[in-house]
Amino acid sequence: MAEPYIQDDWRLTPRLTLNLGIRFGLFGSWYNKENTAYNWLSTAYNPSTAAGVFLDPVFGFLLRAQSSPSGSSLVAVPLNLSNPDPALTNGLVQCGVNGVPNSCMTSHIFNPMPRIGAAWDVFGTGKTAVRAGYGIFYEHGTSYEANTGSLIGSAPLTLSQTELNPPSFQCISGFGRMGTPCSSYFVSDPLNPVISGPVGYPINVTSIPTKAVYPYVQQWSLSVEQQISKGVTATAAYVGSEGTHLTSVRDLNQVHPVDPSFNPYPAGRPIISTLDCAGSSGGTFQLGGVANQNGGTTIYTGQPAWVNMSIACYGVPGFGTPFNPSVFRPYPTMGSILGVANDASSNYNAFQFSLRKMTSPVVFGLSYTYSHSIDNSSDRADADFVNSYDLASNRASSNFDQRQNVSFNFIVDLPIIKFLNGWNRMFASDSTNATVSSGATGGESALDSTAAKLLLDNWQFSGIIIFQTGTPFSVINGGSPGGIGVSDNAGVANYFGTGSYADCVGSPYTHPALGGSIPNTIGPLLYNPAAFVAPRGLTFGDCGRNSLRNPSRTNFNLSLLKHFKIFGERDLEFRVEAFNVFNHTQFRIYDPSHPGNTGNNIIGCYSNTAGYSAAGGGDVDCLTGNSFLHPVDSHDPRILQFGLKFSF
């Protein structure tokens, strides 16, 4: 890549300056020089290869019909790592082979980035300035975004199979289940296919675009700066940006959700797996079993909701018809298809204020920002999506959004000798206050001695004080061991993203026990669990992405410095620093930078009455011993450190 640029400034009038420039982003594409990258393309998926292959109805491995002298039989597709069966790798193309670019995508070399800026001295006094600017900035990105690097470790060199219900048997020495010879597994007995050795399941693949599309951001600002006095300046600004072609990930082989008009579940009625799933029979689902809760509704085979209901109930104990959900995928012989593309967007708007004093003995800066960042994908690893076919529904506050941010920093020169001399002069007429040390000569003050200056001069006190509102997080529906709700509530088999959210029914900020302790639970309850209920059946939940925020934080970082002038202009600095000096506890529920810290934003308990509340009710206690909406950890406690720095 190369990025030449041209920029120049014009003084249009003595009080108006114009800045014009353009940068040319000349971007080459990431590629694998060994040609060991493979990309999955829907256009390369061969329907005829897939036509003769289907899934074992119980265990989900791939089968194909095979003729033999004794008739047609079903043969399991073998798993050969060195030479995978074409049915497993259907749709994969090798980068750099057979006319495919070595990056698996055509290049987009020329990316122009213009920018314009202006500065206006409003009154010609040099004390009031208005500035404005606009620019476009392309980002070449990393190889791990919607580029060839995302294909590292994918099929066919590495086979990741979707084995949702693997069998516990092997066909050894020609015999399979119950000791039956493998050769006797005919199509008349579809549950007994011929199996010899390892079998192939639908594999998971990765798909990137066939044309390079680079993300870019448009940025603009308008500010007014005013000099208040010598060395003191205030600035107020509006700053905005818009990101385009940002990276998102989705499952291109997700099952389509049920059309809302065909959803048999009324508002407020979740999936009760112990009734709705375990009670299925003959390929139908009988909803109900509880008075006044849609009792008697039947979902028959072939109805739109039957597919999603079957997937939602997969794995539920007592579910009468086990099968692999891949049979309902758009590409049924494939597993999950990780689609990485530059099709997301973002928007940021902010009011910014700053006040600065740049002259000693007191230097300080005060800044305040009120902002809002919105996107439908915050980064390449953002898997907080529920519906791969509706990226717009993922639009919410960004994972890193902080609505308000206040920062105050200062450096104060401590005139200790001057202060003590003034104190002494104040009491100079008092004979009991001696101002001359017995070790000083010629009437020299002890405070003017070399030793006193060495110890008491050149001290500085500094600090940074911040207040920040918390970053957002999502409340995830995890189902309930008691049978209320299931994690894949919409029944779409999206294994890359989030299964579903909860339904919101009230304010999460009010609760009698807010901040109180719960028995057998560590940390305070920070939000109201009763604001969340099990989602309506066969939906993604209506709370949406990033509906709550981590607690705000206030932090004081202070330091004390002493400078020793030694060997002329050389400087020895001694420093004592305290971070979070008041040891203020600053909780957080979910930290997106540590994906393992997710348990406290996932609901795992609902009442079986009381509106299916996450706070429990009836004979279900969802609070005692439950960490939901309790802090997963906290920011750093007080940290004290000493430092010594020699500058020369």
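Leaving aside neighbours within four places in sequence, which residues is valine 475 in contact with? In this predicted model, the residues that valine 475 contacts, with those neighbours left aside, are Tyr501, Ala502, Phe532, Ser547, Leu548, Asn601, Ile603 and Phe628.

**The chain as a whole**

**The largest nonpolar core**

- The largest nonpolar core has 28 residues, and the members that touch the most other members are Val475, Phe532 and Ile603.
- Both Phe532 and Ile603 are also found in the list of residues that valine 475 contacts beyond four places in sequence.

- Helix H3, which runs over residues 304–312, is mostly covered, since seven of its nine residues are buried.
- The buried residues of H3 are Ala305, Trp306, Asn308, Met309, Ser310, Ile311 and Ala312, and the elements that these buried residues pack against are helix H2 (273–276), strand E14 (285–286) and strand E15 (298–299).
- Glycine 491 is in the loop between strand E22 (476–477) and strand E23 (503–504), and glycine 491 counts as buried because its relative accessibility is 0%, where buried means under 20%.
- Not counting residues up to four places away in sequence, glycine 491 touches Val255, Asn308, Ile311 and Ala312, and Asn308, Ile311 and Ala312 are among the buried residues of H3.
- Between glycine 491 and tyrosine 314 there are 177 residues of separation in sequence, while their C-alpha atoms are 8.9 Å apart in space.

**The pocket and the cavities**

- The largest pocket has a volume of about 480 Å³, and of the 19 residues that line this pocket, Ala381, Asp382, Ala383, Asp384 and Tyr590 lie nearest its centre.
- By class, the lining of the largest pocket consists of 10 nonpolar, six polar and three charged residues.
- The count of cavities of 30 Å³ or more comes to two, and the second largest cavity has a volume of about 40 Å³.
- The lining of the second largest cavity is made up of Ser248, Val249, Arg250, Asn376, Ser377, Asp382, Phe385, Leu391 and Asn394, which divide by class into three nonpolar, four polar and two charged residues.
- Asp382 belongs to the lining of the second largest cavity, and Asp382 is also named among the residues nearest the centre of the largest pocket.

**Threonine 244 in strand E13**

- Threonine 244 has its place in strand E13, which covers residues 232–251, and at 16% relative accessibility threonine 244 counts as buried, because buried means under 20%.
- With residues up to four places away in sequence not counted, threonine 244 touches Pro215, Tyr216 and Ala344.

**Backbone features in loops**

- The peptide bond that joins alanine 155 and proline 156 is cis, with omega at about 5°, and proline 156 is found in the loop between strand E9 (128–138) and strand E10 (160–161).
- A cis peptide bond also leads from serine 360 to proline 361, with omega near 10°, and proline 361 lies in the loop between strand E16 (337–357) and strand E17 (362–375).
- Cysteine 104, a residue other than glycine, has a positive phi near 65°, and its place is in the loop between strand E7 (92–94) and strand E8 (110–121).
- With a relative accessible area of 4%, cysteine 104 is buried.
- Asparagine 583 is not a glycine and yet has a positive phi of about 55°, and asparagine 583 lies in the loop between strand E27 (570–579) and strand E28 (587–588).
- Asparagine 583 counts as partly exposed because its relative accessibility is 37%, which falls between the 20% cut-off for buried and the 50% cut-off for exposed.

Note on methods
Residues numbered from 1 in each chain as written. Predicted model: local features only at pLDDT ≥ 70, side-chain atom pairs only at ≥ 80, totals over all residues. Heavy atoms only, no water. 1 Å grid on protein atoms, 1.4 Å probe; cavity = no way out; pocket = protein on both sides within 12 Å on 5 of 7 lines; lining within 4 Å. Points joined across faces, edges and corners; volume = space filled by probe spheres on them. Nonpolar A, V, L, I, M, F, W, Y, C, P; charged D, E, K, R; others polar. Helix = DSSP H or I, 4+ residues; strand = E, 2+ residues; numbered from the N terminus. Buried < 20%, exposed > 50% of the residue type's maximum accessible area, 1.4 Å probe, protein only. Contact = heavy atoms within 4.5 Å. Core = buried A, V, L, I, M, F, W, Y, C linked by side-chain atoms within 4.5 Å.
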